[in-house]
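Work through the following exercises with the sequence and the coordinates at hand. Each task is followed by a solution in steps.

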Amino acid sequence: MAKDRENIPVAPTLMGSLRSMGYSFESAVADVIDNSISAHATFVKVLFPTNPLEPTAVGILDDGEGMSGDELFEAMRYGSMASEAERDEDDLGRFGMGLKAASLSQCRNLTVVSYSKGKRSAYTWDYVYIQKKQKWIIQELTSQEIDKLPYVNLITEQTKGTLVIWSDFDVLSKSSDGQVYETLVELKKTLEKALALIFHRFLSASGSAKLKIQINNQSVKPLDPFLERHPKTSSKKERTIAINDSEGVERLIYVKPFVLPFATDLSDNDKKLIGGIENLRAKQGFYVYRNKRLIIWGTWFGMKQRAELTKNARIRVDIPNTLDDIWGIDIKKQNASIPKRILNQLRKTVFDTLEASVNQQTYRGRTAKIDDDTDYIWD
């Protein structure tokens, strides 16, 4: 009979490997913000150093539901939730890895401070310390140590929420020849554009669903890749596709095609809303959302090559988090693939949307209509 033997991964080796998963700075910040949204935050503030003489640290602060010391300890655990575990419908996590893997892909020191019921707690994953101890040791900070953390006064004042702090940017230091502060200043600009697109449906929502994001004191304004309110945007009524999840429960996918107006019909503000018209060709294709959070965009998933005449075509696809495994959502939430069982159902949608875009570009004097009530596009 086989003998069971526990085989614990070598802490620094595995943590070092997980740090090399391929997160970009923007995707790493977005992954942390996912946790804020899941904690029902109404605002998130990304904090960058404003003076090269300040401690070189980035903070991500929210006003969501904070965590007790025990809850925070569990949240800092690698693999704190199984990928197949049942979760809330609005939960943007999956593997229980995002906060740790995303953060430590950018730095060697991750500290999280959280407030719950008037009490604050903080834990630190320090990669250098892990290498020294050769064990999975997380550090619980004392009140005095918490007081010395950068940006901690902001969460202390609001007495709720969570503050994520990144420091010791070894990756940026190596890639920028030690110019970490200057590199963070540049990343602040690209981060704003990325967050404005990835979370645009949260930023443009109304009521309790609305999320405000600031980078230091600058508000992030939502983009609109479909120009839904533009009078010359062509669209088709939303269609649903039923598909069973891994448990055999029927789930719905929502699909809606758009064709943007011709370039001469766009105002300067319209061009800003779609993130500029310089790269329209690269931005055509599917826009896949998971719980309204943009996962992947600018691809036809191999159905069609990008072309100049189809650059205005967009297809919005909304999937629930219960279909993560079927759509192949990865830990970084940067990749997805269309399940084969619905591929053929989407193929005609793609070709009809592309045809409308081609007609619009070819016959500039006419409007490419795909918003009539006829169902031939789908049938």
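**Exercise 1.** Characterise the salt bridge between Asp170 and Arg19.

Step 1. The side chains of Asp170 and Arg19 form a salt bridge with an N to O distance of 2.7 Å; the term requires a side-chain nitrogen of Lys or Arg within 4 Å of a carboxyl oxygen of Asp or Glu.
Step 2. Asp170 belongs to helix H8 (residues 170–175), while Arg19 sits in the loop between H1 and helix H2 (25–38), so the pair links distant parts of the chain, 151 residues apart. Helices (H or I, at least four residues) and strands (E, at least two) are DSSP runs, numbered from the N terminus.
Step 3. Asp170 is buried because its relative accessibility is 8%, and Arg19 counts as buried at 12%. Buried means under 20% relative accessible area, exposed over 50%, and partly exposed in between (1.4 Å probe, protein chains only).

The model is predicted: local features need pLDDT of at least 70, side-chain atom pairs count only at pLDDT 80 or more, and totals for chains, interfaces and linings use all residues. Residues are numbered from 1 along each chain as its sequence is written, and side-chain values use heavy atoms, with hydrogens and water left out.

**Exercise 2.** Describe the surroundings of Arg316.

Step 1. Arg316 is located in strand E14 (residues 313–319) and is buried, with a relative accessible area of 9%.
Step 2. Its side chain makes a polar contact of 3.1 Å with that of Glu228. A polar contact is a pair of N or O atoms within 3.5 Å; within protein, one must be able to donate a hydrogen and the other to accept it, and residues adjacent in sequence count only if both atoms are side-chain atoms.
Step 3. A network of salt bridges links Arg316 with Arg201, Glu228, Glu238 and Asp318.
Step 4. Beyond four places in sequence, the residues touched by Arg316 include Tyr254, Phe258, Tyr287 and Tyr289; contact means heavy atoms within 4.5 Å.

**Exercise 3.** Is Ala122 buried or exposed, and which residues does Ala122 contact?

Step 1. Ala122 lies in strand E4 (residues 119–126) and has a relative accessible area of 1%, so Ala122 is buried.
Step 2. Outside four places in sequence, Ala122 contacts Leu72, Val112, Val113, Gln139, Glu140, Leu141 and Ile146.
Step 3. The C-alpha atoms of Ala122 and Phe73 are 8.5 Å apart, with 49 residues of separation in sequence.

**Exercise 4.** State the confidence of the model.

Step 1. The mean pLDDT is 86, and 90% of residues reach 70 or more; pLDDT is the predictor's confidence in each residue, from 0 to 100.
Step 2. Over residues 371–379 the pLDDT is below 50, and this stretch has 20 contacts beyond near neighbours in sequence.
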